[in-house]
Amino acid sequence: MKYEIEEITQSCIKTGLSKAIIQNVIENLPHKRSSQQNKSLHVLFQNISFELNRVGMEFTFHGIKGMEIQTTYTPEIVKEFIWKPLQNALLDKQSTTKLTTADINAIFEVLARWFADKGIVIDFPSNEQLND
């Protein structure tokens, strides 16, 4: 859902709400992910695929007439078969474009703990990594 701050402000004023309450409403609106966070997610998927491949894990694709196909991890495999199922289970959101900053943080925390239990450290990409 797209929020127009001016529309929200005008609606609140019409109902007689104080400026303090209006400010509180605006500050507590969900924040969509920024383009920087979008870049960070894709770098994260790349970093996770690199780490999984580094430790020798393989992705097994099931589905072609009962056959299994082994392949290395790619950022797209990480997104579609690790991130999105977890996102859907935790938040009931199908698309990464619908995620807020808080959503991304919640999913990342779960993933980071799971990977840490397997001896794999993943960090959320820094600004420096995004500019490389």
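Glu 80 is partly exposed, at 31% relative accessible area. The cut-offs: buried is under 20%, exposed is over 50%, partly exposed is in between, with a 1.4 Å probe and protein chains only.

A word on the source. This is a predicted model, where local features need pLDDT of at least 70 and side-chain atom pairs count only at pLDDT 80 or more, while totals for chains, interfaces and linings use all residues. Residues are numbered from 1 along each chain as its sequence is written, and side-chain values use heavy atoms, with hydrogens and water left out.

Back to Glu 80. Its salt-bridge partner is Lys 84, with the closest N and O atoms 3.4 Å apart. By salt bridge I mean a side-chain nitrogen of Lys or Arg within 4 Å of a carboxyl oxygen of Asp or Glu. Both residues sit in helix 4, residues 75-91, four residues apart, about one turn. Helices are DSSP runs of H or I, at least four residues, numbered from the N terminus.

How many salt bridges does the whole structure hold? A search finds three.

Next, Arg 54 and Glu 51. Their side chains meet at 2.7 Å, N to O. They are three residues apart in helix 3, residues 35-54, so about one helical turn separates them. Arg 54 is exposed at 52%. Glu 51 is buried at 17%.

Then Asp 103 and Lys 93. The closest N and O atoms of this salt bridge are 2.4 Å apart. Asp 103 lies in helix 5, residues 101-117, and Lys 93 in the loop between helix 4 and helix 5, so the pair ties together parts 10 residues apart in sequence. Asp 103 is buried, at 10% relative accessibility. Lys 93 is partly exposed, at 23%.

Key:
Helices (H or I, at least four residues) and strands (E, at least two) are DSSP runs, numbered from the N terminus.
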